Amino acid sequence: MPDYDTTRISCPVHATIRLGALETAILNSGCMQRLRNIKQLSLASYVFPGGDYSRLSHGLGVLHVASSMLTALHDRRPDVVDDGVIDDLRVAALVHDIGHLPFSHTMEQALRAVYEESAVPILPAGGVAGVESEGTLSHEEIGAGILRSDPELSRLLSSERSERIGRIIQGDSLEVLDYREAQAHLGSLLCSDLDADRIDYLMRTARHTGLPYGGVDLPILLSQIRLDDADMVCFGDNALHAVDQCLISRYFDRVTIPFHRTVAGFELLLQDVIRDLIAHGLIAADRTAIEGMIEDGSWVDFDDLLLVERMRALRDRRRLDRQVRARVEAILHRRPPRLLAQIEYVEPAGDPSAFEAQLDAAEGVIAELAEEHPEERLYLWKQDGFTLTSLASGEAEHGTPPDFDESEERPRDVRMLVGNRGGSTSIRNVGASLMTALADKSYYAVRIYSLTPPSEAPSRALIEQRLTDPRWQFLL
Amino acid sequence: MASGPRRLIGLKLALDTLGVPARVDTFQDRLALQKATYLAQAAGLQLGYRYSWYLKGPYSPDLTRDYFRLVEDPAIGSGFVLGADHLARLERLAEVARPAPGADLERPEWLELLASLHYLIRTLRKDREGAAAVIRRAKPHLAGYIDEGFSALATAALI
């Protein structure tokens, strides 16, 4: 294996991260350096002040973890995990977030709401078609576009290699990217329920926020990582509890940080503010605008700092709707929205009607209050079935349908070796795993927030009257 | 990420136009939904589902949430229509979305073939021989119908 030792970078999570010459050049490119100004956790630092690390440091961490996994697999199976695939997966790990938007997933969600909903060409029967949006791009698609078009990166990577790495970060199986058949499943090191991305995220977030939920026993994972008899990435028996812990840690991380009542409230406001910035012509991020920024090089300035600057410009406009000004100032000056009421519970998935009843009740209250207090802006936040085990699959919240094809419909499950014959199976099928008991459980929550000062608070009586389930908490 | 109402309505109208029932009872049902939705997007209907290649061709995890919702609420889409231009494109696609005459394939496999060939050509930028080689290697049960698949995609102006 190459030594990848052109540059050594100190890291609070992994001690020392080593980069080769190509990786160093990529790290120094404008598009990678831009990630210094994209916070991984968006506004979580409003509540956890240490949680302000960047996507640049995370990218380096993912490279380190992916490289450690690849080295462990190379030691066992050098015939499969060769230098070529290691080179490519290391680069893919480093650049996997290169297409992230300012404020990361919060902005991505806002853009999807703004551009993609209006891109769907439907109209009421007998109606007239309106103006259609052209949609927007996911951060993975933007990343692939940067790799394809950025002049600086184009000098470092051949067009074929850029294309391949762009497809890896979008989740394509290596099978169709001209790698050898035995290497088909190695992409799961960057795209599965327990991949290098998630491992570094858990470790880094725990380290920076000071919260204890992201413990990862990386040494045991590395000692137990294997390729099964079909060359799928899996873990040996001795890693079972370490894998369980990681998957459960993802649940605790989610409910503790992004679902934290204040963090979630700020993120709701921020989504509204991003829509305001678009509506006032201060930013544009539809498909054409993003491609244009990559093309003309202005993408490297499209970061958290630029959005804050645009928020200030919006706030300083003389004629501005009172509510818009209030929410922009709330973001700029850290004035959290008030949580008025919330319900949260964990239940077996499969019957969404109970959750929908709570959601309908909350939406009804918001509609009534909006009528009585039109100056008020209430926010609804919901989680409709986040799986406890973080095992990715759409069926989780609906129960497993009959005739399930595990390999196609759960391609990202963590796999464990079975017995000593060399085969592997999803961790959900391993009797000793907590996942077998928890995989069908989901977290549900509904919250109502308000930006109105307490002196103008809406009617507590109405909210309590309408939300009758005893699990509702009122925080007026 | 939760889908907005327009996306769900658009999805339902697209499936109706293609004659693919919103059923999830069997793997074949879900395979047909996945591949039909992919092809509808390939025909220009922007629904915003992101696909990548897993084992049986292009697959969208986002979509799995939404087709369960369609099953739960069969009324989704009523009172709405697709814009005329998009409807025409989907109707053109619908003409080739059934197995070619003489092809001994069920409809889900036919849709799998079309979606896979399209993805290999358009997204992965392979030439026809490269795409055919992947199908022969990864999907031997479809290998005998590759030419018919290319022909159908060309008829629908997708390649």
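Start with one pair: A:Gln342 has A:Arg447 as its bridge partner in S10 of chain A. Keep in mind that this is a predicted model. The pair belongs to the contact between S6, residues 338–348 of chain A, and S10(A). Those two strands run antiparallel, and 10 bridges join them.

Now the other neighbour of S10(A). That is S7, residues 378–387 of chain A, joined to S10(A) by 9 bridges, again antiparallel. Two pairs to click on. A:Leu380 stands opposite A:Ile448. A:Asp384 has A:Tyr444 as its bridge partner.

Zoom out to the sheet. It is open, has 4 strands, and reads S7-S10-S6-S11 in chain A. The pairing is antiparallel. Which strands stand at the edges? S7 and S11 of chain A, the latter being residues 473–474. Each has a single partner strand, so one side of each has no neighbour in the sheet.

Is S10(A) largely enclosed or open? Of its 10 residues, 441–450, 8 are buried, so the rest of the structure largely encloses it. A helix is involved here too. H16 of chain A, residues 353–372, lies across S6, S7 and S10 of chain A. Its angle to S7(A) is about 170°.

Next, the cores. The largest nonpolar core has 160 residues. Those with the most contacts inside it come from chains A and B: A:Ala66, A:Leu89, A:Val95, B:Leu18, B:Ala36, B:Leu39 and B:Leu93. Helix H3 of chain A, residues 55–76, gives the most to this core, with 9 residues. As background, nonpolar side chains tend to be buried together in soluble globular proteins.

Take A:Val95 as an example from the 160-residue core. Leave out residues up to four places away in sequence. What does A:Val95 touch then? A:Ile26, A:Met32, A:Gly59, A:Gly143, A:Leu147, A:Ile165 and A:Ile169.

Over to chain B, and helix H6, residues 128–138. Its buried residues are B:Ala131, B:Val134, B:Ile135 and B:Ala138. Seen down the axis of H6(B), they fall within an arc of 100°, so they line one face of the helix. What do the buried residues of H6(B) pack against? Helix H5, 107–123, and helix H7, 146–155, both of chain B. The face turned away from the buried side carries the exposed residues B:Glu129 and B:Arg137.

A:Ser104 is not a glycine, yet its phi is positive, about 50°. A:Ser104 is found in helix H5, residues 104–119 of chain A. It has 19 C-beta neighbours inside 10 Å, so it counts as partly exposed. A:Arg334 also has a positive phi, near 50°. This residue is in the loop between H15, 322–332, and S6 of chain A. With 13 other C-beta atoms within 10 Å, A:Arg334 is partly exposed.

Last, confidence. Chain A has a mean pLDDT of 91, and 93% of its residues reach 70 or more. Where does chain A fall below 50? Residues 393–397 do. Beyond near neighbours in sequence, that stretch has 20 contacts in the model. Where pLDDT is low, the predicted coordinates should not be read in detail.

Conventions:
Residues numbered from 1 in each chain as written. Chains lettered and ligands numbered in written order. Predicted model: local features only at pLDDT ≥ 70, side-chain atom pairs only at ≥ 80, totals over all residues. Buried ≥ 20, exposed ≤ 12 C-beta atoms within 10 Å, placed from the backbone. Pairing = 2+ DSSP bridges. Arc of directions from axis to C-beta. Contact = placed C-beta atoms within 7 Å. Core = buried A, V, L, I, M, F, W, Y, C linked by C-beta atoms within 7 Å. pLDDT = per-residue confidence, 0-100. Axes fitted to C-alpha atoms, helices over the stretch in contact; angles between N-to-C directions.
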